Amino acid sequence: MSVVTEPKLISGNANRTLAQSIARRMSMHRGMSVGLVDARVERFNDQEIFVEVYENVRGEDMFIIQPTSNPANDNLMELLIITDALKRSSADRITAVIPYFGYARQDRRTKARTPISAKLVANLLTEAGVDRILTLDLHAAQIQGFFDIPVDNLYASPVFALDILHNFKGQTDDIMVVSPDVGGVARARELAKRIEAPLSIVDKRREKAGEVAGMTVIGDVKGQKCIIVDDMVDTAGTLCKAADLLMEHGATEVHAYISHGVLSGPAVERVTNSALKSLVITDSIEPTEAVKACPNLRIVPTAPMFAQAILNTWSGTSVSSLFETETLTPIYEGLYSRD
């Protein structure tokens, strides 16, 4: 059996900025330069994807950094084809690092004659030759069970807790964590526990998919700084309505901490003109210029966490240790003070 000396990173085109940031963080940890494997991921004129790896990867521990964000189908195919290229080049182990797992919202059949696309994607990745998955805040935790290979699902909440305690230092007595729906209560409760804050819920009723018929606040938010927490924001319609409703019920400020900033369609304009004082997202999806220019939107980095998770996976040490704020504090020391 070959001896694996160093983890090797390769990236598709979905979020090369994040991939390069992860490589820089790993260079700091390893004390040696860690770069992305030299490769090209291109398209023929008919948009077929072609991959060529220029470096020897035989017997190597490979990590493909590729979120399957918009355009989801193109980025998913890039991930599959890179995997096939590495598998056929005799890579020892292939880990797909998927900061944003596309198709995760299709994790069950909501009506007759509909697919479970998340399971299909899991099958595609496994059959392509992926040996394990490293991802962030899956839309539904049960998706881990769709795979017959190991899945490490990291959480943004420890990083969000660090950010909140840093940016609201001395002002945490009147913070209220809010779940934007009943289904997200567990996620909101986890963050509330980390920052020792109470919990409230916005209960919404839908007449049909994509349309909210009514919203109700469960809990007293009067005089509170409300922090909405969720796993993704797409068109931001529901998020902005929830912010308006909380202000109507007496909240002094409304902020939102969302793991994945999909931010499609009119989302950026809605956030800009909304009652949200700030929207904080991670860089799991590469932000567009419009997202970067949004005055009340801020991006927190995930590269320190992913770099440590990759090193832990490579060395066979605990990845679940990164679920704890105490573990992440020294990793994010340059961004958030300890006191």
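In this predicted model, helix H6 covers residues 237-248 and holds 12 residues. The helix reaches 17 Å from its first C-alpha to its last. That span is close to the 16 Å expected at 1.5 Å a residue. The buried residues of H6 are Gly237, Leu239, Cys240, Ala242, Ala243, Leu245 and Leu246. Glycine 250 follows H6 and has a positive phi, near 100°.

Strand E7 spans residues 151-154. In a regular strand, side chains alternate between the two faces of the sheet. Both faces of E7 are covered. Val151 and Asn153 lie on one side, and both are buried. E7 pairs with strand E6, residues 132-136, in the parallel sense. Four bridges join these two strands. In one of the pairings, leucine 136 has leucine 154 of E7 as its bridge partner.

Two packed helices are described by the angle between their axes and the distance between the axes. For helix H2 (residues 72-88) and helix H3 (residues 117-128), the axes come within 9 Å. They cross at roughly 20°. Angles under 35 degrees count as roughly parallel, so H2 is roughly parallel to H3. On the H2 side, the contact is made by Leu76, Leu79, Leu80, Thr83, Asp84 and Lys87. H3 contributes Val121, Leu124, Leu125 and Ala128. By class, the contact of H2 with H3 has seven nonpolar residues, one polar residue and two charged residues.

Notes: Residues numbered from 1 in each chain as written. Predicted model: local features only at pLDDT ≥ 70, side-chain atom pairs only at ≥ 80, totals over all residues. Heavy atoms only, no water. Expected span 1.5 Å × (residues − 1). Buried < 20%, exposed > 50% of the residue type's maximum accessible area, 1.4 Å probe, protein only. Pairing = 2+ DSSP bridges. Axes fitted to C-alpha atoms, helices over the stretch in contact; angles between N-to-C directions. Parallel < 35°, antiparallel > 145°, perpendicular 65-115°, else oblique. Contact = heavy atoms within 4.5 Å. Nonpolar A, V, L, I, M, F, W, Y, C, P; charged D, E, K, R; others polar.
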